[in-house]
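Let's take a walk through this protein and look at a few of its parts. Have the structure open while you read.

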Amino acid sequence: MSAVGLSFRKPVYVAEGKLKFERANATLSITNLGREIGNMQPLADKSNPITTEVEVMRSQPMIQQTIDQLGLRQSMGAPLSVNEFLEKLQVSAIKETDILILSYQDFDPAQATEVVNTLMSLYLEHNVYNHRAQAVAARRFIEQQLPHTETTVKQAEDNLRQFKQANQVIALSEESTSAVKSLSELQGQIAVTQTQLKDADAQIMAYQNQLGMNAQRASESVSLSQSQGVQSALAEAQKLETELSAQRTVLQPNHPKIVNLESRLANARSLLQQRSTQLLGRETPFPDRSWQIGILQQDIAKTIVDLNSKRNGLAQQLATLYQIEAEYRKRTDLFPGLEKEQRELERQLEASQSTYAQLLQKMGEIGIAENQTIGNARIMAAAQLPTKPVSNTAAFLAAGLLGLLGAGATAYGLEVFDQTIKTVEQAKQVLGFTVLGVIPDANKRKQPALQHSSALHHSGEELPRRNIVVEQSPSSAIGAAYRILQTNLKFSSSQPLRVIVVSSAVPKEGKSTVSANLAAAIAQSGKRVILIDADLHCPSQHQIWAISNDVGLSHLLVEEAAFGKAAKCVTSNLDVLTAGVMPPNTLALLDSQRMSTLIEELAENYDTVILDTPPLNLATDALILGKMANGILMVVRPGLTNVGSAGFARELLEQSGQTVLGQAINGFVAANEPHSHYYFSDNLDGRGLYSTKQ
């Protein structure tokens, strides 16, 4: 019957096109500007950039855009779905080359050709936009950093200027050299002055011994000898003394002449004492050698006075030199600390100036690179209109017969070569993570009728929520399993789990459904929870909760919306932040300070933050966000996750140093488990009881 049916099938045409990739942007490589932009280097050691581009080309947004642009429809007139499109599309890399082959099969050869060429054109637009977006993001980052860096330069300049003003520094190195030289010269002057002072002291001592009086008495003698008033009074006194002495030999002591002479002598001595006191500033005993000395003695006394004056000048000069030397030494003692502080300030200034100059240079380079960016892919061969079908009646008949013969072999081969994880025990062995929860397959277990749950669409239409078993059927086995997962998560860490990232190895393992039900279960326990759809590649939380995705996470990260407008309250204690518009540079947005700050703020305002992230084998987003969280919860679906993908995911988690809280087994089917009684046992009302034996 299959062969007969195939004989009436329409012929199928396949259109084929080729894309060639460059490891780096050729234009940017020639100009040597922005070489990191568009550079096809793998993020993980075992990943292939060409394989990544295959997945980008097969991504839901790219396929949906092609369908919408061409208006592709099914035979019944309904719009073609993404999955139906992918069944007809084949994208593969030619081994050991950087060339991709795109082929699309359709009953209409013209439409097959148009689909291939349109998909390649849309991909090239996306490729250019994505690479240019990297340059734009880099430029915006530098524009944000420039004012801060310029302020840092000015602050460093002000610090250095204030330091020089406060410490009277012009050229510290030159001043240090000059100070050392000046100190050496001062020490020489001090030594000469000390020698001169000693010579003066020696000469003064010799002349004092010769004269028989000290320097003060010699100075006084010179002053008295050179004073006419003193000398005239002294001569008068001496004359009266001589006359009185002569009269006393012939006259009685009370003789009027003797009395007169004595009175005159007393007056002369009084005048002499008065004049000497005025001259010397002190009284001098009478008679004294200092009242009258000879010419030779006057010369010696004058020499002593001159030497003493010179000696006092040398002593004052030496004291001044000592004071200057002390000031220089005090200054030079500060030089090591001042030089160290100045070097540090100059280093800070040079570093900030260098950073500012580099940013300016990069700004110019990226501006040029932004205009030069043309993508690193080009159409090597556009799809041509196929003239011959790839299938005809004979071929279909042969295929039918061969299909019958090969069916058994295929079934056997699938059994032998099937590398998917099939049981809970195998998941534990392959991934090596603690099993925190086992979620039964909703399609395989008998569940009570789901309670009606819905939400209003932004247009006012009431839309049903999907797969929220914890909310719709809380008493079911699946509802109980999610509550046990919540409890085991709580005790999986010694620290409170405020931020949890949920991911999986490959798509379709149910990580988004697990995230939604886990969030609902925690909210039902009385905790305030926010669920963030951080899968910006293929978001689904807005579909699960039947809410609008017009404003979401991407809008918050680019600061185009406030949190209050983006987050939606879906049930008691539970808010959902949808993904928002899918940006071209998801990794740059998630790996940003803005994202880190947002998570910190949400962790302060909510008891639990749950992030639904892309599979590890498709994007590194979960690894980035895992560093901002308390840990990662891996979702594994037996029968879907293959051993290789699971092992690769485990290696990524280990290499990036992630904290893995454990794994949740989703889609558990008791019939496939050799030890199913460890996890569930059926009771009379059809609900499953979870066991903690693992």
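This is a predicted model: local features need pLDDT of at least 70, side-chain atom pairs count only at pLDDT 80 or more; totals for chains, interfaces and linings use all residues.

Helix α13 (residues 424-431) and helix α23 (residues 643-655) have axes that come within 9 Å and cross at roughly 40°. Angles under 35 degrees would count as roughly parallel and 65 to 115 as roughly perpendicular, so α13 and α23 are oblique to each other.

Who touches whom here? On the α13 side you'll find Q426, Q429, V430 and L431, and they meet V643, A646, G647 and R650 in α23. Sorted by class, the contact of α13 with α23 is made of four nonpolar, three polar and one charged residues.

## A look at S515

Now hop over to helix α16 (residues 511-524), where S515 lies. Is S515 buried or exposed? Buried means under 20% relative accessible area, and S515 has 0% relative accessibility, so it counts as buried.

What is S515 in contact with, leaving aside its neighbours within four places in sequence? That would be V502, L531, Q541, I610 and D612.

## The four-stranded sheet

Next up is an open sheet of four strands, in the order β2-β3-β1-β4, with antiparallel pairing. β2 (89-93) and β4 (377-381) stand at the edges with a single partner strand each, so one side of each has no neighbour in the sheet. From one strand to the next, the twist averages 25°.

Zoom in on strand β1 (residues 13-21): four bridges join it to β4, and the two run antiparallel. L19 stands opposite I379 in β4. Helix α3 (residues 49-57) packs on the sheet as well, touching β1, β2 and β3 (99-106), and its direction makes about 30° with that of β3.

Methods: Residues are numbered from 1 along each chain as its sequence is written. Side-chain values use heavy atoms; hydrogens and water are left out. Axes are lines fitted to C-alpha atoms, for helices over the stretch in contact, and angles run from 0 to 180 degrees between N-to-C directions. Angles under 35 degrees count as roughly parallel, over 145 as roughly antiparallel, 65 to 115 as roughly perpendicular and the rest as oblique. Contact means heavy atoms within 4.5 Å. Ala, Val, Leu, Ile, Met, Phe, Trp, Tyr, Cys and Pro count as nonpolar, Asp, Glu, Lys and Arg as charged, and the others, Gly among them, as polar. Buried means under 20% relative accessible area, exposed over 50%, partly exposed in between (1.4 Å probe, protein chains only). Two strands pair if DSSP finds at least two bridges between them.
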